[in-house]
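Subject: Structure handover and notes

Dear colleague,

I am passing on the structure below, together with my notes on it. Please read the two side by side.

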Amino acid sequence: MAINPKKHEMPTQAPDVRAHNFQEVALGYTSEMAVSEAERCLNCKNQPCVSGCPVNIHIPEFIDYIKKGDFEGAYQEISKSSSLPAVCGRVCPQETQCESKCTLGVKFEPVGIGRLERFVADWHNENVTENPVKPVPNGHRVAVVGSGPSGLTCAGALAKKGYDVTVYEALHTAGGVLVYGIPEFRLPKTIVAKEVDTLKALGVRIETNVVIGKTLTVDELFEMGFEAVFIGSGAGLPSFMNIPGESLKGVYSANEFLTRSNLMKAYREDSDTPIMKGGKVAVVGGGNVAMDAARTALRLGAEKVYIVYRRSMEELPARREEVEHAEEEGVDFQLLRNPVEILGFQNPEDPRDPRNGFVTSMRCVKMELGEPDEKGRRKPVVIPGSEYELEVDTVVMSIGTSPNPLIKDTTNGLEVNARGGIIVNEEGLTSRESVYAGGDAVTGAATVISAMGAGKTAAKAIDDYLMNN
Amino acid sequence: MYKIVRKKSLNKTVTQMEIEAPLVARKGKPGQFIILRVDSEGERIPLTIAGTNPKEGTVKIIFQVVGGTTTKLNNKNEGEFIEDFVGPLGRATHTEGIQKVCIVGGGVGCAIAMPVAEEFHRLGASVTSIVGFRDENLVILEDEFKACSDKLIIMTDDGSYGRHGNVTVPLKEMLEAGEQFDMIITIGPLIMMKFVTLTAQPFGVPVTASMNPIMIDGTGMCGGCRLTLHRDGERITKFACVDGPEFNAYEIDFDEAMSRGRMYADFERHSYEETCNLFKKA
C-alpha cells in the first residue's frame with residue numbers, strides 16, 4: 001500500500017469565523033482520520049521520534065494501539081510518560097521535536113504525532129469516566145511550588161509512585177501558564193481542569209492562594225514535614241522596552257493582557273475584569289505569546305491587529321502553525337520594524353480631559369538585517385531616516401520576562417545565575433539539598449513541553465534521592 | 001473559601017471585615033497587602049492589611065465601596081464566605097532606625113496608615129498622626145489613632161470636624177516650627193501624597209508613600225501595577241506588588257500614577273451602577 005505523502009489535514013474553524021470567537025481553532029481528528037493517520041507510521045525499530053520528545057513518550061507503541069482501534073490502550077501507553085497528553089497534543093511544537101525526527105519526514109510529511117496524541121487524550125476524556133487507580137502510598141511527602149506544566153508533571157510522576165504530593169499555587173486556579181497565558185481558542189480551560197482533576201484523583205493535593213516566598217517559605221515547607229521541594233514557579237516579571245510612553249494607558253505587558261482575558265475571563269461580557277477592547281492594537285514581539293496576544297485582541301473585537309517584530313519572518317520564533325493561523329485570521333505582520341516611542345493623547349486646553357494619557361500611536365523605525373551575532377542570528381540594524389507613525393489604541397509588549405525574585409529572596413543558599421534563573425544540575429537539583437527546580441524558573445521563557453521534561457527529570461531524581469536516604 | 005468572622009461599618013461607605021486566613025494572619029506585617037476575589041467569577045482586588053490576629057487566625061481589611069467588587073463584598077455578611085484571599089504580598093513598612101515619625105493619612109488610606117502608626121508606637125517611636133477626611137461623617141478610626149499617636153491632628157475639608165483644611169497645613173506648620181522627623185509616611189489619595197511630598201521637600205525630610213495601583217496577580221507576573229521612579233535623571237520602572245507598595249516619595253512620578261489609575265474609570269463606574277441595580281432589584 002502506497003503511503004499518503006501528506007498528514008491528514010486538521011479540521012479547523014474557518015478563519016473568518018474563528019477570528020470572532022474564543023472557541024478552539026483546531027477541531028481534532030475523527031476516529032477514522034486517526035486510524036488512517038496512524039497507519040502512515042512505519043514503526044521504525046530505532047524509534048527516532050521518541051528521542052525528539054522531551055518526556056520520551058513511547059510514540060510508535062501508542063500509534064500501534066490506534067492502528068488497532070484500541071484508543072484507551074493508546075492513552076494508557078502515553079500516560080506512562082506524560083501527565084498532560086491533552087495539553088501536549090495541542091501546544092507542543094511537534095514540528096521541531098518528535099515529528100522533526102520522523103523517518104517519513106525525510107521524503108514526505110512526518111506522521112501527525114501531535115494530532116494523534118490529542119485525539120487519544122480527547123477520546124479518553126470523552127469516553128472513560130472511571131478514575132485512575134490510586135497508587136499505594138509510600139509514606140513520603142513532597143511539596144511542589146507552582147501548578148504550571150513543570151509542577152503538574154513532577155506532581156503526577158511522583159503521585160504515580162505513591163508519594164504524598166501537595167502543589168502550592170499562587171493564583172486562584174491551578175494550571176499556571178496553561179490557564180493565565182495560553183488562550184481558550186488554543187487550549188480550552190476545561191481540558192486543563194480535566195488534567196488537573198486526573199492528578200487529584202491520583203491523590204495530588206492542590207493548595208491555591210499560597211505564594212511560596214510570601215505566605216510560606218521553602219524552609220517552612222521542610223518544617224512542615226516535606227522531604228523534598230520542587231520549584232516550578234515559572235517565568236516572572238514582564239520586560240518592557242524602556243522607550244518613552246510605556247506607562248500610557250493602553251500599554252500592557254502580554255502577561256497582563258492575556259491574564260485579563262484568559263484567567264479573569266475579560267473576554268466574556270459578564271466579566272468583572274476590564275480590558276481595552278476594539279480599536280487598533282499593536283503587539284510588539286514575535287514569539288508564541290505575541291501570537292496569542294494578537295489573536296486574542298482580534299477576538300476581543302479589534303478592527304486591526306499588528307505584530308511588530310524587529311527581524312524578518314524567517315527569524316520569527318513563534319511556531320509556524322501559530323503564525324499561519326494568525327495570518328489567516330487577518331493579523332498584519334509589520335516585520336523589520338521596531339518601536340521607538342509610544343505617543344498619547346494630551347488636550348492642551350483641558351488637563352482633566354478623560355482622553356488624556358491614552359495611547360494614540362506608536363513611532364517605529366524600519367530595520368534591516370546586518371551581520372550575524374554570536375548566536376548566528378542576523379542583528380537588526382535601524383535604517384536611518386525611516387521613522388513613521390503607526391496609529392494604535394493599544395500596545396501589548398511581548399518581549400519576554402525575567403525570573404521572579406520572591407523565592408530566591410526568601411530561600412537561603414539557593415543560587416541563581418546572572419539573569420536570575422535558578423541554577424540546577426542535570427537532574428534538576430539546586431544548590432540546596434532536597435530542593436529541585438525546573439521550567440521557566442530555571443531556563444527563562446521556554447515551551448510547555450520543555451518545562452514538563454524538567455518536571456519529569458526532577459521527579460525521577462527526587463524519587464532516587466528519597467528512596468536511597 | 002474564607003470566612004468573614006466579623007463585619008463592622010466604619011462610616012457610610014467604609015467597612016471593616018475580619019477574614020479567617022490563618023497563614024496570612026501568621027505572616028502579615030503593616031504595609032503589606034492581600035488580594036481577594038468575592039466569588040468565583042469576580043475580579044482580583046488588592047487591599048492593604050489593616051491588622052492581623054495570628055492567634056485567632058484572622059486578617060483585618062478595611063475598604064471603601066467604590067466599584068462593583070467592593071459593593072459585592074460589602075453585601076456579604078458575618079459568617080458568609082469569600083472565594084479567594086491570598087497574601088501577605090508586597091514588602092512590609094521599613095521601620096528600622098526611625099525614632100520619630102509623622103504619619104499622614106487621607107480618607108480610606110487612614111485604614112492603611114493606622115496599622116503602620118500602631119507598629120511604630122509598638123516599637124517605641126514617637127508618632128505624630130495627621131489624618132484628613134472630606135467631612136465629619138467620613139472620619140474613621142479616631143480612637144485607634146488616639147491610642148497609638150503621641151500627637152493626633154484630624155482635618156476635614158469643610159471644617160465640620162477637627163481642623164479645617166488639608167493635611168498639608170499642619171504638616172507645614174510643624175516643619176516650619178522646626179519639628180524634626182526621621183520619616184514622613186503618607187498613605188491616601190495620590191494627589192494628597194503628591195502635595196505632602198511637595199510640602200516636605202524644602203525641609204529635606206525623607207518621605208515614603210504607599211502606592212495602591214491597579215493589580216491582577218500581585219506576585220510580579222502581570223506588570224499592571226508598574227510605576228515610574230525618577231532617580232539621578234533616569235526613569236526606573238518598578239512593580240508596586242513586589243518592589244513596593246512603599247517607595248521613596250521624592251522619586252515617584254505621581255502624575256503618571258494618577259493617569260494610570262483612571263485607566264478603567266468608565267468601566268468601573270458602569271460596573272458599580274450595574275451592581276447597585278442588581279442589589280436594588282434583589
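The notes below take the helices and then the contact between the chains.

This is a predicted model, in which local features need pLDDT of at least 70 and side-chain atom pairs count only at pLDDT 80 or more, while totals for chains, interfaces and linings use all residues. Residues are numbered from 1 along each chain as its sequence is written, and chains are lettered from A and ligands numbered from 1 in the order in which they are written.

Helices and strands are DSSP runs numbered from the N terminus (H or I over at least four residues for helices, E over at least two for strands). Helix α10 of chain A, residues 189-201, has 13 residues and spans 18 Å from first to last C-alpha, close to the 18 Å expected at 1.5 Å a residue, where the expected span is 1.5 Å times one less than the number of residues. Its buried residues are Ile191(A), Val192(A), Glu195(A), Val196(A), Thr198(A) and Leu199(A); a residue is buried if 20 or more other C-beta atoms lie within 10 Å of its own, exposed if 12 or fewer, and partly exposed in between, with C-beta atoms placed from the backbone. Seen down the axis of α10(A), these residues fall within an arc of 150 degrees, so they line one face of the helix, the arc being that of the directions from the helix axis to the C-beta atoms. They pack against α6 (85-91), α8 (149-160), α9 (177-180) and β3 (205-207) of chain A, contact meaning C-beta atoms, placed from the backbone, within 7 Å. Just after α10(A), Gly203(A) takes a positive phi of about 105 degrees.

In chain B, helix α8 (residues 254-261) has Phe254(B), Ala257(B) and Arg260(B) buried. Down the axis of α8(B), these fall within an arc of 125 degrees and so line one face of the helix, and what covers them includes α6 (190-200) and β14 (226-231) of chain B.

As for the contact between the chains, 30 residues come from chain A and 36 residues from chain B. On the side of chain A that touches chain B, the elements giving two or more residues are β5 (237-238) and α12 (254-261) of chain A, and α12(A) provides the largest share, four residues.

With best wishes

How values were computed. Two residues are in contact if their C-beta atoms, placed from the backbone, lie within 7 Å.
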